[in-house]
Amino acid sequence: YIGKSGLVTIEHHAEWSKMRALMNPAFQRVALMSLIDQFNLAADSLMEKLSELADGKTMVDMNDMFCRLTLDVIGKVAFDTEIESVHNDTVPFPKAVKTVLEGIEKMFTGMMEEYNIFHYSYHQEVRQAVRLLREEGRKFIEKRKMAMSKGEHSPNDILSYIIKASELDPDLDIEDMLDLVMVFFLAGHETTGNTLSFALRVIADHPDVMQR
């Protein structure tokens, strides 16, 4: 269960408009410009990892690397959490995200019928991945709420806006908040990772541009 209260999954336009309005400040130019240093640090981290792998023999899946990069960036700038998946292959977060996205794709293409007993083990794998992501999201929310209740400084990020939205709307419960967290991690990182991969592919078709 991914959730029906995320910005991508809300069915009613009026509800979507209200939620989008609450999130808008996080996407304004001044807010995005304040994140440039974090973007640059993440890019430097990726280059460091690629330098380690650039031995002329090791094959590197750049789409996977770009998706790990964007996952790390969203974790840091949206939820103030260090995922560090670029440098650590054992982190469970990237695998869980990938499993959920593949499950969504198979669900929409009819390749994962809910009541097909031959798909049962795969259903369980996807559900387990969803549970892991939602539990991690729950930890993010609880940790931030605790810090805010103590008057500690909290970054003005997506997580803060989600919590503020729940304070303004009593109908927005913890599960709705987790839906929003899921959407930002799933939809947010993949679109950017795929765009970077496509850009690299196009650059590779033009050696003069690649050389520059």
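Which residues line the largest cavity? The points below take up this question and then turn to the pocket, a helix pair and the salt bridges.

1. The model is predicted. A search of the whole structure finds one cavity of 30 Å³ or more, and the volume of the largest cavity is about 30 Å³. Its lining consists of Phe93, Leu133, Glu136, Gly137, Phe140, Val181, Met182 and Phe185.

2. Two elements give two or more residues each to this cavity lining: helix H6 (120-149) and helix H8 (174-204). The most comes from H6, with four residues. By class, the lining of the largest cavity has six nonpolar residues, one polar and one charged.

3. The largest pocket holds about 680 Å³ of space. It is lined by 31 residues, and those closest to its centre are Leu32, Leu35, Phe39, Val77 and Ala78. The lining of this pocket divides into 20 nonpolar, eight polar and three charged residues.

4. Which elements give two or more residues to the lining of the largest pocket? They are helix H2 (29-33), H3, H4, helix H7 (158-168) and H8. H4 gives the most, with seven residues.

5. Helix H3 (residues 36-53) and helix H4 (residues 62-79) have axes that come within 10 Å and cross at roughly 145°. The crossing of H3 past H4 is right-handed. On the H3 side, the contact is made by Gln38, Phe39, Ala42, Ala43, Leu46, Lys49 and Leu50; on the H4 side, by Met62, Met65, Phe66, Leu69, Val73, Lys76 and Val77. In this contact 11 residues are nonpolar, one is polar and two are charged.

6. Phe39 of H3 and Val77 of H4 take part in the contact between these helices. Phe39 and Val77 are also among the residues closest to the centre of the largest pocket.

7. A search of the whole structure finds 12 salt bridges. One of them joins the side chains of Arg68 and Asp89, at 3.9 Å from N to O. Arg68 belongs to helix H4, whereas Asp89 is in the loop between H4 and helix H5 (92-108), so this pair ties together parts that lie 21 residues apart in sequence.

Conventions. Residues numbered from 1 in each chain as written. Predicted model: local features only at pLDDT ≥ 70, side-chain atom pairs only at ≥ 80, totals over all residues. Heavy atoms only, no water. Axes fitted to C-alpha atoms, helices over the stretch in contact; angles between N-to-C directions. Left-handed = near helix turned anticlockwise from the far one by under 90°. Contact = heavy atoms within 4.5 Å. Nonpolar A, V, L, I, M, F, W, Y, C, P; charged D, E, K, R; others polar. 1 Å grid on protein atoms, 1.4 Å probe; cavity = no way out; pocket = protein on both sides within 12 Å on 5 of 7 lines; lining within 4 Å. Points joined across faces, edges and corners; volume = space filled by probe spheres on them. Salt bridge = Lys/Arg side-chain N within 4 Å of Asp/Glu carboxyl O.
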